[in-house]
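Colleague: Could you take me closely through one part of this model and then follow the chain outward from there? I would value a connected account that I can read beside the structure, with the cut-offs behind each term.

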Amino acid sequence: MSSSEQPSSQFPHRRYNPLRRQWVLVSPHRTQRPWQGEVDKSSGFSGVHYDPECYLCPGNKRAGGHITPRYESVFIFDNDYAALLPDSPEPPPDASPLLHSERERGVCRVVCFHPDHSLTIPRMTQEEVRVVVDAWADQYAELGSQSELRYVQIFENRGAMMGASNPHPHCQIWSTEHIPDEPAQELESLTAYQAEKKSCLLCDYLAVEHKEQTRIVCENEHFTVVVPWWAVWPFETLLLARRHMGSLAEFEDAEKTSLADILRQATTRYDNLFETSFPYTMGFHQSPTDGVAHPEWHFHAHYYPPLLRSATVRKFMVGFEMLGMPQRDITPESAAERLRSLSPVHFTQG
Ligand code: H2U
Ligand code: ZN
């Protein structure tokens, strides 16, 4: 019996997240409470390959009058409603130390994965996803090489439930003058661990997961996907490079193809869980691009999906979670077991 299956884990306990240096309260017995909520069986797939109203479909008009060209694989453009601007001026001086502000310059882009409006990563071919991986690598290199851009955040909001404004397959890139709080927190943790243990926190964590074998969802030659020990969201996963490397800039050709493969594997299982287009926010955490070496950084991606029991029943971060700390009911081990047991073939294609 591995440590995570000890009977004690069936009682409320808290687990530590060494990346965020945060705790999560785990209350496995709560899953026994009755549930009579609705169960929605709509798959969320429209089957519409071209939508004349979609601003990301080839040949259509976007906000501000730009025309999305008739692209054939990947199409990248500057966000017409960018949250960051490359030439933001310095804000006025602080009226009080308690009213502090700083300039934040940056660039926001949108990456369309495919001209077909109806597709998603798990339903694109590996070759098609590989083209997206190459685009991400190019964007990371291009934006990261600009001295005023110290971080490149690539992320995908999928599904209206997660705030995606459009079902067309796409992601966003926000690149900022300062390292944002989430990766900044990870940077601190990875740096401190490296200094103390002379090794990498995520390499060591991966070794523990391979030994325990209870939280692994899927893997290939270069990547492993786990429900992390410290997961907060019900089916949250962490995608880890098996080799210690910081960013897409360090990927070998085979690793880029492997990344395309593992992204499809992970999201296919997600869709198969409730036979729906599974909503999530996901993003890559890569080395900061602040002009210094980052030997401590370990390439990974987080998937934060909100769904709990069905295609419509989601977890809310409210109550104790807003005022106290995050909490979950199903254990990461049982979430991993469920995801692992699902077919690797997408339910619409099986
Ligand atoms: P989300 O689906 O994750 O919201 O991403 C879509 C982005 O597309 C969003 O950031 C941008 C929005 O600002 N957008 C344009 O740049 N042009 C448009 O015509 C509409 C939406
Ligand atoms: Zn479209």
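Modeller: Helices (H or I, at least four residues) and strands (E, at least two) are DSSP runs, numbered from the N terminus. The model is a predicted one, in which local features need pLDDT of at least 70 and side-chain atom pairs count only at pLDDT 80 or more, whereas totals for chains, interfaces and linings use all residues. Residues are numbered from 1 along each chain as its sequence is written, chains are lettered from A and ligands numbered from 1 in the order in which they are written, and side-chain values use heavy atoms, with hydrogens and water left out.

Glu275 has a phi near 45 degrees, a positive value in a residue other than glycine. Glu275 counts as partly exposed because its relative accessible area is 40%; the classes are buried under 20%, exposed over 50% and partly exposed in between, with a 1.4 Å probe and protein chains only.

The loop between S10 and S11 contains Gly291. Gly291 is classed as exposed because its relative accessible area is 77%. The C-alpha atoms of Gly291 and Asp78 are separated by 24 Å, and the two residues are 213 residues apart along the chain.

On the S5 side, the loop between S5 and strand S6 (170–176) holds Ala164. Ala164 counts as buried because its relative accessibility is 15%. Not counting residues up to four places away in sequence, Ala164 touches Asn157, Arg158 and Gly159, contact meaning heavy atoms within 4.5 Å. From Ala164 to Met317 the separation is 153 residues in sequence and 19 Å in space, C-alpha to C-alpha.

Helix H1 (residues 126–144) includes Gln139, which is buried because its relative accessible area is 6%. The side chain of Gln139 makes a polar contact of 2.9 Å with the side chain of Arg109. A polar contact is a pair of N or O atoms within 3.5 Å; within protein, one must be able to donate a hydrogen and the other to accept it, and residues adjacent in sequence count only if both atoms are side-chain atoms. Leaving aside neighbours within four places in sequence, Gln139 is in contact with Ile76, Arg109, Gly144 and Ile173.

The ligand comes next. Ligand 1 has 15 residues around it, of which Ala63, Asn79, Asp80, His170 and Gln172 come nearest; a residue is near a molecule if one of its heavy atoms lies within 4 Å of it. An oxygen atom of ligand 1 is 2.7 Å from a polar backbone atom of Ala63. A nitrogen atom of ligand 1 is 2.6 Å from an N or O atom in the side chain of Asp80, and an oxygen atom of the ligand is 2.8 Å from an N or O atom in the side chain of Gln172. Of the 480 Å² of accessible area that ligand 1 has on its own, the protein covers 89%.

Elsewhere, an open sheet of 3 strands has the order S1-S2-S12, with mixed pairing. Strand S1 (13–17) and strand S12 (327–328) stand at the edges, each with a single partner strand, so one side of each is left without a neighbour in the sheet. Strand S2 (residues 22–26) and S12 pair in the parallel sense over 2 bridges, with Val26 opposite Arg328. In the loop between S1 and S2 sits Arg21, whose phi is near 55 degrees, a positive value in a residue other than glycine. Arg21 is partly exposed because its relative accessible area is 37%.

Notes
Accessible areas come from the Shrake-Rupley method with a 1.4 Å probe; for residues, only the protein chains shown count as cover. Two strands pair if DSSP finds at least two bridges between them.
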